[in-house]
Amino acid sequence: MNYENPEMLSGFKKKSFSLPYGGGEIWFEHLDSLYDNADLVLEKLNSDRQIFCRPSCPSMIGFVLDETVITKEIVEAIADVLLNSSKIFLRVCFIGSDRKTERALRSALLSKTFFLAFINDFEKAKEWFVKQICK
């Protein structure tokens, strides 16, 4: 999709946030509704990275990917954030990814040290995080 001003997309203006839920706290990285604007996805990811990689931010993170085309560069950027930052992530969930994206992310995250899930429903993803907290 081509847009005259892609920064005006609702997905770009949507803020990522930390959500207290079920006795824990989850960071939701909103990379959804950016369609085929890979540069915007990377810009938003790099900008938010400075926030969610802080030691005080939650170690559980959900990447919301609905309505965004995930390219090889985006997969590599997400893997870099998760595997090469000083932040230790305990649980990671990708919400709204297709099978091709799931395969690419699983392959890129082979050396992971965290629990990993792919769920297509935001509420079910929150429940998955809570189940992991209780174990």
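**Exercise 1. The pocket lining**

Find the element that gives the largest share of the lining of the largest pocket in this predicted model.

*Solution.*
Step 1. H4 supplies the largest share of that lining, with three residues.
Step 2. Now take the pocket itself: the volume of the largest pocket is about 200 Å³.
Step 3. Its lining has 15 residues, and those closest to the centre are Ile70, Thr71, Asp98, Lys100 and Thr101.
Step 4. Two or more lining residues come from each of helix H3 (72–84) and helix H4 (99–108).
Step 5. Sort the lining by class: five residues are nonpolar, five polar and five charged.

**Exercise 2. H3 against H4**

Work out how the axes of H3 and H4 cross, and which residues meet.

*Solution.*
Step 1. The two axes, of H3 and H4, come within 10 Å. They cross at roughly 40°.
Step 2. Angles under 35 degrees would count as roughly parallel, and roughly perpendicular starts at 65. H3 is therefore oblique to H4.
Step 3. The handedness of the H3 and H4 crossing is right-handed.
Step 4. From H3, the contact uses Val75, Ile78, Ala79 and Leu83. From H4, it uses Ala104, Leu105 and Ala108.
Step 5. By class, this contact of H3 with H4 has seven nonpolar residues, no polar and no charged ones.

**Exercise 3. H2 against H3**

Classify the angle between helix H2 (residues 38–52) and H3, then describe their contact by residue class.

*Solution.*
Step 1. The axes of H2 and H3 come within 10 Å and cross at roughly 5°.
Step 2. The limit for roughly parallel is under 35 degrees. So H2 is roughly parallel to H3.
Step 3. H2 brings Ala38, Val41, Leu42, Leu45, Arg49 and Phe52. H3 brings Glu73, Ile74, Ala77, Ile78, Asp80 and Val81.
Step 4. Sorted by class, the contact of H2 with H3 has nine nonpolar, no polar and three charged residues.
Step 5. Look back at Ile78 in H3: this residue meets H2, and it is also among the H3 residues that meet H4.

Conventions. Residues numbered from 1 in each chain as written. Predicted model: local features only at pLDDT ≥ 70, side-chain atom pairs only at ≥ 80, totals over all residues. Heavy atoms only, no water. 1 Å grid on protein atoms, 1.4 Å probe; cavity = no way out; pocket = protein on both sides within 12 Å on 5 of 7 lines; lining within 4 Å. Points joined across faces, edges and corners; volume = space filled by probe spheres on them. Helix = DSSP H or I, 4+ residues; strand = E, 2+ residues; numbered from the N terminus. Nonpolar A, V, L, I, M, F, W, Y, C, P; charged D, E, K, R; others polar. Axes fitted to C-alpha atoms, helices over the stretch in contact; angles between N-to-C directions. Parallel < 35°, antiparallel > 145°, perpendicular 65-115°, else oblique. Left-handed = near helix turned anticlockwise from the far one by under 90°. Contact = heavy atoms within 4.5 Å.
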